[in-house]
Amino acid sequence: MALTISSSPHDSAPLDTPTLMRRVCYCLIPGIAAQWWFFGAGSLIQMLLAVLTAYLAEALVLVLRGRRFTALKDNSALLTALLIGIALPPLAPWWLAVIGTAFAIIVAKQLYGGIGQNLFNPAMTAYVLLLVSFPLHMTSWLPPLELQLYPVTFADSVSAIFTGFTQDGFSPHQLRELADGATMATPLDTLKTGFTQGHTAQEILANPVFGPLAGLGWNWVNLAYLAGGLLMLKLRLTSWTIPLSILLSLFVASFIGFLFAPDGTASPTLHLLSGATMLGAFFIATDPVSAATTFKGRLVYGALIGILIYLIRTFGGYPDAVAFAVLLANLTVPMIDALTKPTIYGAAR
């Protein structure tokens, strides 16, 4: 066998922060494209508003703190803004993106000391703030394009976001009406409402908002974010431990629940391919600042998030529980890291 000789150093240098953040943003593209395809261009406009707000808010804080503008180049504000824009309903009022993003940058990030110092995930902190403060606007998701009575163009999206009405005078509430006159709700919300009213899972899944695997459109959006997440793993932008732990624990919890009460709980497939499951598992929970850092700690942290998602979705008041689960798990990170810290070689046990 030939011996290959190369000069030192033999260990590759880690990615710098701007490159890492930029590549994570690239991995979001498949999911963003799927949202655009199934729910229209409104999400793109929300992302643009969030990005502009993020950079303006970050620049303002840097000026007040006497820091250089070079900190704007780390792309952390860009990633936070994209996540907030993705999480907002496509036709949410423009000021939601502005308020949420400004809060994420100024309060959840910079008031803690800037990048690397925040205790909570900034994007999810902003999302929960908006959800609790403006629940009506934050739950006004449109039906997939194939179910819309009045298809929304790009110009309609711009008009609805900034004026509250499309060019033809339809409000976002009217655009959420299906052919039978019912108002569209997200698949998870439809499922929770149906169970509350005493319907069986089979009766609820007959609703046109459900597809063969999960919610119509939402299943492909989740698969697209899964593809982006797998690309992140291939590029070694994050570790496999947290995403796998989240998805496995969510699958096990939902499988057990479905096994004992198939007519009163959602199936594992619906849990995995609905709402923000894949986005949360790969792009939110893996935030290197607010997540656990040890190997065992990441497994525990991910399992906690997966179980909390199932419990809140099944027994709580919010159908999609990813943001709440991540923030609650963020609180436990110091304890998890302390309990799972590896023993130093040679140290007394």
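Which side chains does a polar contact of 2.5 Å join? The answer is given in point 2, after a note on the model.

1. Basis of the note. This is a predicted model, in which local features need pLDDT of at least 70 and side-chain atom pairs count only at pLDDT 80 or more, while totals for chains, interfaces and linings use all residues. Residues are numbered from 1 along each chain as its sequence is written, and side-chain values use heavy atoms, with hydrogens and water left out.

2. Asp16. The side chains of Asp16 and Thr19 are joined by a polar contact of 2.5 Å. A polar contact is a pair of N or O atoms within 3.5 Å; within protein, one must be able to donate a hydrogen and the other to accept it, and residues adjacent in sequence count only if both atoms are side-chain atoms. Asp16 is placed in the segment before H1. Helices (H or I, at least four residues) and strands (E, at least two) are DSSP runs, numbered from the N terminus. With a relative accessibility of 45%, Asp16 counts as partly exposed. Buried means under 20% relative accessible area, exposed over 50%, and partly exposed in between (1.4 Å probe, protein chains only). Asp16 and Phe170 are 154 residues apart along the chain, and 47 Å separates their C-alpha atoms.

3. Helices H1 and H4. The axes of helix H1 (residues 17–27) and helix H4 (residues 76–87) come within 8 Å and cross at roughly 25°. Axes are lines fitted to C-alpha atoms, for helices over the stretch in contact, and angles run from 0 to 180 degrees between N-to-C directions. H1 and H4 are therefore roughly parallel to each other. Angles under 35 degrees count as roughly parallel, over 145 as roughly antiparallel, 65 to 115 as roughly perpendicular and the rest as oblique. The crossing of H1 and H4 is left-handed; this term applies if the near helix is turned anticlockwise from the far one by less than a right angle, and right-handed applies if clockwise. On the H1 side, Met21, Val24 and Cys25 meet Ser76, Leu78, Leu79 and Leu82 of H4. Contact means heavy atoms within 4.5 Å.

4. Helices H3 and H8. Helix H3 (residues 42–65) packs against helix H8 (residues 154–163) at an angle of about 50°, and their axes are 9 Å apart. H3 is therefore oblique to H8. H3 and H8 make a right-handed crossing. H3 contributes Gly42, Ile45, Gln46 and Leu49 to the contact, and H8 contributes Phe154, Ser157, Val158, Ile161 and Phe162.

5. The axes of H5 and H6 are 8 Å apart, and the two helices pack at an angle of about 130°. H5 is thus oblique to H6, and their crossing is right-handed. Among the residues that make the contact are Leu96 and Phe103 of H5 and Pro122 and Leu130 of H6. Leu96 counts as buried, at 0% relative accessibility. Beyond its neighbours within four places in sequence, Leu96 is in contact with Leu88, Leu130, Phe134, His137 and Met138.

6. Aromatic pairs. Rings of Phe, Tyr and Trp (its six-membered ring) pair if their centres lie within 6.5 Å; planes under 30 degrees apart count as stacked, over 60 as edge-to-face and the rest as tilted. By this rule there are 8 aromatic pairs. Phe39 and Trp218 form a tilted pair, 5.0 Å centre to centre with 50° between the planes. Phe39 lies in helix H2 (residues 29–39) and Trp218 in helix H12 (residues 218–234), so this pair ties together parts that are 179 residues apart in sequence. The rings of Trp95 and Phe134 have centres 5.1 Å apart and planes at 70°, so the pair is edge-to-face. Trp95 is partly exposed at 28% relative accessible area, and Phe134 is partly exposed at 25%. Phe39, Trp141 and Trp218 form one aromatic cluster.

7. Asn330. Asn330 lies in helix H17 (residues 322–339) and counts as buried, at 0% relative accessibility. A polar atom of the Asn330 side chain lies 3.1 Å from the backbone oxygen of Ser290. Apart from neighbours within four places in sequence, Asn330 is in contact with Leu119, Phe120, Asn121, Ser290 and Tyr301.
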